[in-house]
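Work through the exercises below with the sequence and the model open. Each task is followed by a solution in steps.

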Amino acid sequence: MARKKSLTAQLLQTYRDAQKAKAAAARKAEAERNRQARVAGRETAQRVKEEARRERERAQTWVRAQKEKEAQRSAESRKAEQIVRDLEKREAARARALEQKKRAEAREKAGAERQAKQQMSDLLRQEAALRTTEIEKQVQGLVSVLTARPGDLQAFRLKGQEAFGNSGSDGLISHVEQVLGKIDYPEGLRGGRRAAFLPEAKELVLEVDLPGQTVVPAATQYRYKASVPPTLVPQPRKEAECKALYRDLVARLALRAMAEAFAVTPPSLVDEVAFNGHVNAKDRATGKAIRPCLVSLRVTRETFEDLVLDEPELDPVQSLRFLNAIVSQHPYDLEPVRPVVTFDLAKYKLAPERDVVAGLDSRPDLVALDPIEFEHLIRRLFEKIGLKSWVTQASRDDGVDAVAVNEEPLIGGLCIIQAKRSKNAVPAEAVRALAGVMHDKAAAKGIVVTTAWFGKASWDFAHRTGRMELIDGRHLKALLLEHLGIDALIGLPKLPPGWETRDLH
């Protein structure tokens, strides 16, 4: 039994062996685990070291990268700064160049503007000079229209004779209108011409369209005005000068038309020319078309040839007065006159007859009549009273305003008349002067007619002569009412001595 163990011991031994084996296995496993733990620790340490090394490398790499980036950024910054500096330099250079260009362009533009302005000023000054020259030429054309007439017109006389022989009065009229219609005139001064012929009176009647007031330049010159913008400024012509130029032009055109009419007609057919100058215009008050007659006269060839039309000192207005023309006192204002009719008296140069009475208002102011109208009115009065009267020429009349003939056999004879349209007393010297004219003309009687009054010296002198009669304004007013039916006014500025208010009105 000693050698043989019991089952329990065996079991215990087995258990113990198993426990030992299990403990050995556990130790072995523990040792293995420890070994593995050591290996793992070493591996972990190695991994940690490796990781640390890699971390350090990564850190170093990052630092290097950061340094490289910083260096790159620094380089890029420096490069950018350099680029900026270069750009700024280039921009500054461009700005300086642009500024210089702008300044150059500004200088060039300013120079061009100054040059253009100077050129414009020069052009305007030239234009002013040209316009002024043109105005002067126009005025010269107005002044020279009389002396610029053609000199070969007398060559047409034979054709006028032939035209009359072939077609009578109509042939001569056609000849005159055709020849006169071809004569050159300055621009704006030619008007229509119409003619009529009275062969039994050897009289040619010529009607001419005169230019309007606008033919006289409204400016005397043009001047340059350095304003902004610069302009040309006309220098207005004074109204008095415009009126004087137009009055002178009307006279020159009338004389030229008369001269040309005499020149182209044969003296054997035409001994007298009657002229009427009309203007086609608009009435400023109504706007209607009007055609006033501004100048009218009738003159013989012999009388007209007394004029030296080419004489530089000839005054055309005075020439018309010499021819006793009826001329508008205010032609620029289109104040009309009536056409004339001429009578002849061998001993005196007599003026045209004029129907003054027909043209007077119902109550005309005698003082407001023009001198020629007043003289013709006096002629009509004496004719109505019973005298045969004529009005004489305005010059070379030896102080005679009218000639009247009393045809009564015993107390008749030649009567010298003076008409004084005045607002003041007639001087005694004028009355005495008429006595001398009466003696020179061997007149039977002398009459002084006035719108005013006479002084005591004049009345005493007339009474002493016994052949003079003085008719003052109130006496004249009564005679006009009695013989012509004209209830006239006398517009005197003051009431004459001894007169009453009713004597003026």
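**Exercise 1.** State how strands β3 and β4 are joined.

Solution. Strand β3 (residues 219-225) and strand β4 (residues 231-236) run antiparallel, with six bridges between them. Strands here are DSSP runs of E with at least two residues, helices are runs of H or I with at least four, and both are numbered from the N terminus; two strands pair if DSSP finds at least two bridges between them. Next, Tyr222 has Pro234 in β4 as its bridge partner. Finally, a hairpin of five residues connects β3 to β4.

The model is predicted: local features need pLDDT of at least 70, side-chain atom pairs count only at pLDDT 80 or more, and totals for chains, interfaces and linings use all residues. Residues are numbered from 1 along each chain as its sequence is written, and side-chain values use heavy atoms, leaving out hydrogens and water.

**Exercise 2.** Give the strand order of the open sheet and find its edges.

Solution. The order is β1-β2-β5-β8-β9, with mixed pairing. The edges are β1 (193-198) and β9 (326-327), each pairing on one side only.

**Exercise 3.** Classify the aromatic pair Tyr246 and Tyr332.

Solution. Rings of Phe, Tyr and Trp (its six-membered ring) pair if their centres lie within 6.5 Å; planes under 30 degrees apart are stacked, over 60 edge-to-face, the rest tilted. The centres of Tyr246 and Tyr332 are 6.0 Å apart and the planes make 80 degrees, so the pair is edge-to-face. Tyr246 lies in helix α3 (residues 239-264) and Tyr332 in the loop between β9 and β10 (341-342), 86 residues apart.
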